[in-house]
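Visitor: I have a model open on my screen and would like to learn how to read it. Could you take me through it step by step?

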Amino acid sequence: MYKIVRKEKLNPSIYLMDILAPLVAKSALPGQFIIVRNTEFGERIPLTVADTNPEAGTVTIVFQPVGASTLELAQFEEGEEVASFVGPLGRPSDLVTDDKEEVAKKKVVFIAGGVGTAPVYPQVKWMHEHGFDCDVIIGARNKDLIIMEDMMRAVAKNLYVCTDDGSYGFKGNVTQLLADLIENQHKEYNHAVVIGPMIMMKFACLATKKYDIPTIVSLNPIMVDGTGMCGACRVVVDGKVKFACVDGPEFDGHLVDFDQAMRRQAIYKTEEGRRKLAFQEGRTHHGGCGNCKEDK
Amino acid sequence: MAFNPVRVPISEQDPKVRAHNFDEVCLGYTEEEAVLEAGRCLTCKAPQCVLGCPVNINIPGFIAHLKTKNFEEAAKEIAKFSALPAVCGRVCPQEKQCEARCVVGKKGDAISIGKLERFTADYAASHGFKVAEPGKPNGKKVAVIGAGPAGLTTAGELAKKGYAVTIFEALHKAGGVLVYGIPEFRLPKEKVVAHEVENVKALGVEIITDVIIGKTLTIDQLFNEYKFDAVFIGSGAGLPKFMGIPGETANQCLSANEFLTRVNLMRAFDPEYDTPVHVGKKVAVVGGGNVAMDAVRTALRLGADASIVYRRSEEELPARVEEVHHAKEEGVKFELLTNPTEILTDEQGNVTGMKCVRMELGEPDASGRRRPQVIPNSEFVMDVDMVIMSLGTSPNPLISSTTKGLDTNSHGCLIANEETGKTTHDLVWAGGDAVTGAATVILAMGAGKKAAAAIDEALSNLNLKQN
């Protein structure tokens, strides 16, 4: 069992938790993720490591309740425990493992969408701690959905914020903001890291391709074990099948088949919709009536 | 001595009923039936059955105790050789091992050794017999990686010799393939697997779950920071193979490992549990091994019209005869001499069919197996909406790739001495599927047993040198 030592609501729909897991806190590197299982009845869900504190033995996760398991996790309070918390999983980010001299040559821009800000943070923090400058773009639908802004500002050289409705920062999406930075503010980048919803990563990659900027994305397919034993998370990169949990989760964004990846994300949409409804209605809804929108 | 050539039949759930539930198919012997079957054993002076058992259980010895209804002694006799008798009695391919060598089998039915072992273990569990004791602590620590059959056996053997043993398991539950792979209807998880794991813990073995060696901790850390004297790797062969044919990343195409893990470990068949599993109306399982049989019978129980698709003929099916028989009884269809070439999908990526070709068996190749070859112009589309790939597995490279001095062969299997399990690393032993590639539960246990003896010998010699 793994204790929740801190819980914070970052905005109306995103939560942060520090979980006591000393071995994971000690070994996790930026780019890696963990798998959490709420209860003995729970499913295993992957969440990216947003920060670690090896001294305190804690690992920070940030998540947005979108389905039954994340809604349930959001109801856990400080002091309560989750059944499993395993990791770190996946390969660390290349920026962390590559030769330092090579990294120094990179003019890096991180592009984060919504809750994707959380997995971007440890990479920017690592760059900062190792003396590398980088720019960060954070985008969200509106001002309320921007998270970790102050934390990010403390480690990024430049932080640019955009909102779809213009309620804060640049009005527009991250792709438009990137275009503005390059074309109007004459920024130069030769390495981009894009993390957010699959559709956002797809379009950001189309943009960076246009500017000929090598781009890394962190994929978030369906996972079960997270250790390479099932292939639920397989994605097609450069025409080859890869397991995101062991070969990734970071891949060359210009080689990822996003349409295929998005189709696979929707495999359990019906089952998940039923379960979300069941959770919200206290497990009294059994589905199958065919009249619920959630069933579709 | 007159002998009865016919074995005492075993009760099984009616195929029509069991095709819709996850309860155990084989109901096991009653006390009377077990004693009756034990009575058929000739108690050979030079028993051949023992040689057929990979852990050399004293078979006539434990059966002799059954004849006199001394069930506790029977259980203790088995425990001297095996840590998981309730498991092995159920899943060993006895027809190729102990029972294949039984003398009675030459003129009639071999003694039902597996079913008797199972009866003994189940009886011991339900009566709370304590069958083994931990050894006197010798002050040495051994780390075991993986809580599958190889790891549990090694740990149990070493604990009996007085070692302080810690098992590190990547998943949230101990048992390895016994919990994620073999289905409930062949191997009940709570009644059998959990109980055998508890028996190993009762010997003082500590099991730490949610720790992935190679990620959470490295082998070097186990030696340097945690001061283990030796490490045994029993991490299995969990990496699934795919065919590499078009359409394989379709939404309803998945590995048998994923399908079985969702159903067995995550208990997706039980609505109380959160993990979903999708089951099509018409499911094809590609492959012919035990895992394929497990997957197809699981799909059937979840309501599918389920078929096995295998490129050779029935004779070459690698699965146990008993499993094939059970599958057929339950209504599984067999598309033999058939090989998929493409998985067809709609625009959403859903499976709409599977393109296959018919095969025929050609001349035997170097290994003596008749090679299947495509019959020209035999292409057809099989009407399916879900495909489960059960083509075998290979070892996960996670541990070997993060440990210096640990060599693997071209198949990714750890290189280890066949007799001792010693790897190319000074203080590391290995056994089971991590060394051999996917094999059987009992072979993994046999390897674990040998490695435990070798570890004991090596660490004892070390002691002598130091003194």
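Visitor: How many residues of chain A are in contact with chain B?

Guide: In this predicted model, 44 residues of chain A touch 42 residues of chain B.

Visitor: How many salt bridges cross the interface of chain A and chain B?

Guide: Start with the general idea: side chains of opposite charge can pair when their charged atoms come close. Across the interface of chain A and chain B there is one salt bridge. Lys26(A) and Glu225(B) form a salt bridge, and their closest N and O atoms are 2.9 Å apart.

Visitor: Which domains does the assignment give for chain A?

Guide: The assignment gives domain 1 (2–87), domain 2 (94–218) and domain 3 (224–246 + 255–296). The centres of domain 1 and domain 2 of chain A, taken over C-alpha atoms, are separated by 24 Å. In terms of contacts, 16 residues of domain 1 of chain A meet 14 residues of domain 2 of chain A. The area buried between these two domains of chain A is about 1200 Å², and carbon and sulfur atoms give 70% of it. On the domain 1 side, Pro30(A), Ala50(A) and Asp51(A) lose the most area to domain 2, together 36% of what that side buries.

Visitor: Which side chains meet in a salt bridge with Asp51(A) as a partner?

Guide: The partner of Asp51(A) is Lys125(A), with 2.8 Å from N to O. The interface of domain 1 and domain 2 of chain A has one salt bridge.

Visitor: Now for chain B. Which domains does the assignment give there?

Guide: Chain B has domain 1 (15–126), domain 2 (141–238 + 394–466) and domain 3 (242–391). Take domain 2 and domain 3 of chain B, whose C-alpha centres lie 31 Å apart. Each of these domains of chain B puts 13 residues in contact with the other. The area they bury is about 1200 Å², 54% of it on carbon and sulfur atoms. Tyr180(B), Phe185(B) and Arg186(B) supply 48% of the area that domain 2 of chain B buries against domain 3 of chain B, more than any other three residues. Three salt bridges cross the interface of domain 2 and domain 3 of chain B. The side chains of Arg267(B) and Glu184(B) also meet in a salt bridge, at 3.5 Å from N to O.

Visitor: What about open space: how much lies in the second largest pocket?

Guide: About 1700 Å³. It is lined by 49 residues, and those closest to its centre are Pro46(A), Val66(A), Asn220(A), Pro221(A) and Gln265(A). α11(A) provides the largest share of the lining of this pocket, five residues. By type, the lining of the second largest pocket has 25 nonpolar, 14 polar and ten charged residues.

Visitor: One last point. How many salt bridges does the structure hold over all chains?

Guide: The total is 44. One example pairs the side chains of Lys7(A) and Glu77(A), 3.4 Å from N to O. Lys7(A) lies in strand β1 and Glu77(A) in the loop between α2 and β6 of chain A, so the pair ties together parts that are 70 residues apart in sequence.

Note on methods. Residues are numbered from 1 along each chain as its sequence is written. Chains are lettered from A and ligands numbered from 1 in the order in which they are written. This is a predicted model: local features need pLDDT of at least 70, side-chain atom pairs count only at pLDDT 80 or more; totals for chains, interfaces and linings use all residues. Side-chain values use heavy atoms; hydrogens and water are left out. Domain bounds come from an automatic or database domain assignment. Contact means heavy atoms within 4.5 Å. Buried area is the accessible area (1.4 Å probe) that two parts lose on being put together, summed over both. A salt bridge is a side-chain nitrogen of Lys or Arg within 4 Å of a carboxyl oxygen of Asp or Glu. On a 1 Å grid over the protein atoms alone, a cavity is a set of points where a 1.4 Å probe fits but cannot get out, and a pocket is an open set with protein on both sides within 12 Å along at least five of seven lines; lining residues have an atom within 4 Å of a point. Grid points are joined across faces, edges and corners, and a volume is the space filled by probe spheres set on the points. Helices (H or I, at least four residues) and strands (E, at least two) are DSSP runs, numbered from the N terminus. Ala, Val, Leu, Ile, Met, Phe, Trp, Tyr, Cys and Pro count as nonpolar, Asp, Glu, Lys and Arg as charged, and the others, Gly among them, as polar.
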